[in-house]
Amino acid sequence: MTIRVIIVDDQAMVRAGFAALLNAQSDIDVVGDAADGAQALEVTGRTHPDVVLMDVRMPVMDGLEAARKLLDPDVPGAHRPKVLMLTTFDVDDYVYEALRAGASGFLLKDAPPADLIAAVRVVAAGEALLAPSVTRRLIEDFARNRPAKRRDPKLRLNGLTPRETEVLELIARGLSNQEIAGRLVLAEQTVKTHIGRILGKLDLRDRAQAVVLAYESGLVTPGQ
């Protein structure tokens, strides 16, 4: 199946470069682009992409606001693509809020081309957060310095079984399904089943939100 992608960035050269790279892949098709968040909403509604590559800082409407609108669960019947934020280290607050809004992950804008291609495929498949080592470092920083307003997230974890709690902790540490299976001596399909149950019980959209909740709840703490 071909992965349909739109690219949202206020720099035309960035959009053109990413489009050329992704269109060269047999399983990826760039179906549109946009120069700001408002255009992204219009193009998404028209093209129904699987993945939106979304820059954070843009005029008219920034990527954070656009991600919130695209992923708003209260809009019935809306097409909700996977959103992959494009960022640099100086916009950590925005990335954190984007993850809380439901973005599936983020990628540094200066990442190697192979990482961008892999990121699109990973996000489209609903798999792990991107670049685990970078993700871990940034989210630990978020948890340490910019805690969210909490509604006692620990209570939400009470419905998990001990095994599900173990799996959630390993997700938050950036392990892939295969790595979790090896650590817990489980079949990879069993790990996928546990993850599905975790997301369902905690009413989470994807693994990105699971990581955020794991840190907010205190299940995983920075520096462990």
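Which residue in E2 does Arg4 stand opposite? That residue is Asp29, and the views below, taken from a predicted model, start from this spot.

**View 1. Strands E1 and E2 run side by side in parallel.** Here we look at E1, residues 3-8, which is joined to E2 by 6 bridges. Arg4 has Asp29 across from it in E2, while Ile6 stands opposite Gly32 of that strand.

**View 2. Five strands line up in an open sheet.** Reading across, the order is E2-E1-E3-E4-E5, and the pairing is parallel. E2 (28-34) and E5 (105-108) sit at the edges with a single partner strand each, so one side of each has no neighbour in the sheet. On average, neighbouring strands are turned by 25° against each other, ignoring direction. As background, strands of a sheet pair through backbone hydrogen bonds, in either a parallel or an antiparallel way.

**View 3. Helix H3 lies across two of the strands.** H3 covers residues 63-70, and the strands it lies across are E3 (51-55) and E4 (82-87). Relative to E3, H3 runs at about 155°. Helix H5, residues 113-124, also packs on the sheet, where it touches E1, E2, E3, E4 and E5. The direction of H5 makes about 125° with that of E3.

**View 4. Helices H9 and H10 pack against each other.** H9 takes in residues 177-184 and H10 residues 188-202; their axes are 8 Å apart, at an angle of about 105°. That angle falls in the range of 65 to 115 degrees, so H9 and H10 count as roughly perpendicular. From H9, the contact uses Asn177, Gln178, Ile180 and Ala181, and from H10 it uses Glu188, Val191, Lys192 and Ile195. Sorted by type, the residues in this contact are 4 nonpolar, 2 polar and 2 charged.

**View 5. Arg173 sits in the loop between H8 and H9.** Helix H8 spans 162-172. The Arg173 side chain makes a polar contact with the side chain of Glu169, at 3.0 Å. Tyr215 is 42 residues from Arg173 along the chain, and the C-alpha atoms of the two are separated by 9.8 Å.

Notes. Residues are numbered from 1 along each chain as its sequence is written. This is a predicted model: local features need pLDDT of at least 70, side-chain atom pairs count only at pLDDT 80 or more; totals for chains, interfaces and linings use all residues. Side-chain values use heavy atoms; hydrogens and water are left out. Two strands pair if DSSP finds at least two bridges between them. Helices (H or I, at least four residues) and strands (E, at least two) are DSSP runs, numbered from the N terminus. Axes are lines fitted to C-alpha atoms, for helices over the stretch in contact, and angles run from 0 to 180 degrees between N-to-C directions. Contact means heavy atoms within 4.5 Å. Angles under 35 degrees count as roughly parallel, over 145 as roughly antiparallel, 65 to 115 as roughly perpendicular and the rest as oblique. Ala, Val, Leu, Ile, Met, Phe, Trp, Tyr, Cys and Pro count as nonpolar, Asp, Glu, Lys and Arg as charged, and the others, Gly among them, as polar. A polar contact is a pair of N or O atoms within 3.5 Å; within protein, one must be able to donate a hydrogen and the other to accept it, and residues adjacent in sequence count only if both atoms are side-chain atoms.
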